[in-house]
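Subject: Structure for your review

Dear colleague,

Please find below the structure that I am handing over to you. My notes on what was found in it follow directly after.

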Amino acid sequence: MAKTEFQKMMDEELYDVNDEKLVADRFAARDLYEELNTIPFREKDRMTALVTKLFGSVGKNVEIRPRFACDYGYNIHVGDNFFANFDCILLDTCEINIGNNVLMAPKAQIYTAGHPYNLKARTSWLGYGKPVTIGNNCWIGGDAVIVPGVAIGNNVIVGGGAVVPKSFGDNVVIAGNPARIVKHLDAEGNVISEKK
């Protein structure tokens, strides 16, 4: 039996971005996040209920500020104490797994979605995805971009404006385009060495 476009997407294979089910799923997610973006700040219970409905799984004490956007929502999994500041984007073609105590500054972006280099495939609206994993106790700086297939360890700070095209381990500060290690941290987040 042939795979559905959804199965291809989840298996990190080329898939038809305009597949009827996937388009419907994106519209359903958009309805939820557009409503989420209109909730007054003081209505935390209502916000939590909508995030729980939108995301695949949600820990305790989650806050998302407007204007949040995503593709499907159901591929996003966040732990306890997750905070997304204004204008964050999580394109969840594949799973985005985020640990506990993760902060996303304004306009931080996580992309699991991509398109092939081949012109014919790309202009035929074929896409692919690769999952992204963010560990515990991370801070993603403003305007940072994390691209498909990246894994970030625990206790990592991503500097504002960084573009992160590869994976990094625990206890580091990364910055730049492309991102590189600029500081090493101990488990408590104290700087133990700096790269010159």
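**Cysteines**

Cys 138 counts as buried because its relative accessibility is 2%; buried means under 20% relative accessible area, exposed over 50%, and partly exposed in between, with a 1.4 Å probe and protein chains only. Please note that this is a predicted model, in which local features need pLDDT of at least 70 and side-chain atom pairs count only at pLDDT 80 or more, while totals for chains, interfaces and linings use all residues. Residues are numbered from 1 along each chain as its sequence is written, and side-chain values use heavy atoms, with hydrogens and water left out.

The closest cysteine sulfur to that of Cys 138 belongs to Cys 88, and at 14 Å it is too far for a bond. A search of the whole structure finds 0 disulfides, a disulfide being a pair of cysteine sulfur atoms within 2.5 Å. Cys 88 is accordingly in no disulfide, and its nearest cysteine sulfur, in Cys 70, is 12 Å away. Cys 88 also counts as buried, because its relative accessibility is 0%.

**The parallel sheet**

Strands, like helices, are DSSP runs numbered from the N terminus (strands: E, at least two residues; helices: H or I, at least four). Two strands pair if DSSP finds at least two bridges between them. An open sheet of 5 strands shows parallel pairing in the order 4-7-10-15-18. Strand 4 (69-70) and strand 18 (163-164) stand at the edges with a single partner strand each, so one side of each has no neighbour in the sheet. Within this sheet, strand 10 (residues 109-111) is joined to strand 15 (residues 145-146) by 2 bridges in the parallel sense, and Ile 110 stands opposite Ile 146.

**Strand 12 and its partners**

Strand 12 (residues 126-129) has Gly 127 and Gly 129 on a covered face, with Leu 126 and Tyr 128 on the uncovered one. Strand 1 (residues 15-16) runs antiparallel to strand 12 and is joined to it by 2 bridges; here Asp 16 stands opposite Leu 126. Strand 11 (residues 113-114) is likewise antiparallel to strand 12, with 2 bridges, and Gly 114 has Tyr 128 as its bridge partner.

**Asn 85**

Asn 85 lies in the loop between strand 6 (83-84) and strand 7 (89-91). Asn 85 counts as buried because its relative accessibility is 14%. Leaving aside residues up to four places away in sequence, Asn 85 touches Arg 65, Met 104, Ala 105 and Pro 106, where contact means heavy atoms within 4.5 Å.

Yours sincerely
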